[in-house]
Amino acid sequence: MKIGNTNIKNGLFLAPMAGYTDRAMRLVCHNMGAEYSVTEMVSAKAVVFRDKKTFTLAKIFSDEGPVAIQIFGSEPSIMAEAAKILSEREECRDAVAIDINMGCPVKKIFSNGDGSALMKNPALIEKITRAVKESTHLPVTVKIRTGIDEHHINALDCALAAEAAGADALCIHGRTTAQMYGGKADKKIIEKVKSALQIPLIANGDITNAEEALTMFSDTGADGIAIGRGAVGNPFIFSEILSALSGTDYTKPTLKERVDTALYQLREAIADKGERVAVTEARGQIALYLKGFSGAARIRGEINRATTLEEVKSSLCSALTDSEN
Ligand SMILES: Cc1cc2nc3c(=O)[nH]c(=O)nc-3n(C[C@H](O)[C@H](O)[C@H](O)COP(=O)(O)O)c2cc1C
């Protein structure tokens, strides 16, 4: 599959997650086999206002593999201007695409008419996609859900509107807005959208292991799959899926490998954000690296109070010592 000039051989994407998919997470997932990732969503309005923090979120680094910048908003001219600004910024020079968020269900976003609220209006989807496409030299991709609720399943109309306006690829999360993150991702709708589109389709929702990844590929015919929550504290999922795709044996990471990877991710985050912010933000993710190991609950408690790398390190190392005894 290709998105613009970017060749994506294994079809494995890291899905965008606000508060999670910073450079450190993207880098770790890339090292494990995710071929393409997307930044946390950034507000188009904030980009247009030249908000400094927003440019930090949109910053792309050359060592993390292909990354798209995701924007949200609902006014075509602002979305277009934001895409143009980001395409021309020095710190975004390595971005490979602009991704438009049309799937966010969060109340604050939805009630502003942004995110998945755009799916109420396929004509607006077409306008926004066209305006963004005309404003940037980068490929433009779109991320949607299946619809607003079970009575309004219109992913196909929305996908076709985006494609007609020039979208280069589309990602679909197989849930409605009303479902938020509950229930199950609907593969039938994803398959229906895939069959109708000419552009590459990336399927998303509920992939937490290699078996579910293979099923997502085979049930939907998708060109790629995007993994979100399944990669939090478990970037190894990408190597697990790669092994399954190539039919080779997979050995689960040891506790030591998990601890080492968690610390590597934390050090990278500290390099970008400073110790206090990085440690505070990473607490949940680090605890998930230990999921399933004995003593994980105690260590989660310790990590939730940690404010320094040394504190996190000593908690994680105590997990290793416990496991050896
Ligand atoms: C904490 C969190 C933050 C998210 N932030 C974004 C976001 O910024 N942009 C976006 O398009 N989707 C966002 N999503 C949705 C995910 O990209 C993905 O579509 C969803 O989690 C389903 O995939 P999964 O089952 O693999 O997690 C977010 C999801 C979570 C759980």
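Which residue has a side-chain N or O atom 2.9 Å from an oxygen atom of the ligand? Select K143: its side chain holds that atom. The pair is a polar contact (N or O atoms within 3.5 Å).

Before going on, note that this is a predicted model: local features need pLDDT of at least 70, side-chain atom pairs count only at pLDDT 80 or more, and totals for chains, interfaces and linings use all residues. Residues are numbered from 1 along each chain as its sequence is written, and side-chain values use heavy atoms, without hydrogens and water.

**Around the ligand**

Select D206 next. One of its backbone N or O atoms lies 2.7 Å from a ligand oxygen. Now pick N101. Here a polar side-chain atom is 3.3 Å from a ligand nitrogen.

Show the ligand alone, and it exposes 610 Å²; the protein buries 89% of that. These areas come from the Shrake-Rupley method with a 1.4 Å probe.

**The aromatic pairs**

Rings of Phe, Tyr and Trp (its six-membered ring) pair if their centres lie within 6.5 Å; planes under 30 degrees apart are stacked, over 60 edge-to-face, the rest tilted. The count is two aromatic pairs. Select F13 and Y36: their ring centres are 4.8 Å apart and their planes at 45°, so this pair is tilted. F13 lies in strand 3 (residues 12–14) and Y36 in strand 4 (residues 36–38), so the pair ties together parts 23 residues apart in sequence. Strands are DSSP runs (E, at least two residues), numbered from the N terminus.

Key
A polar contact is a pair of N or O atoms within 3.5 Å; within protein, one must be able to donate a hydrogen and the other to accept it, and residues adjacent in sequence count only if both atoms are side-chain atoms. Helices (H or I, at least four residues) and strands (E, at least two) are DSSP runs, numbered from the N terminus.
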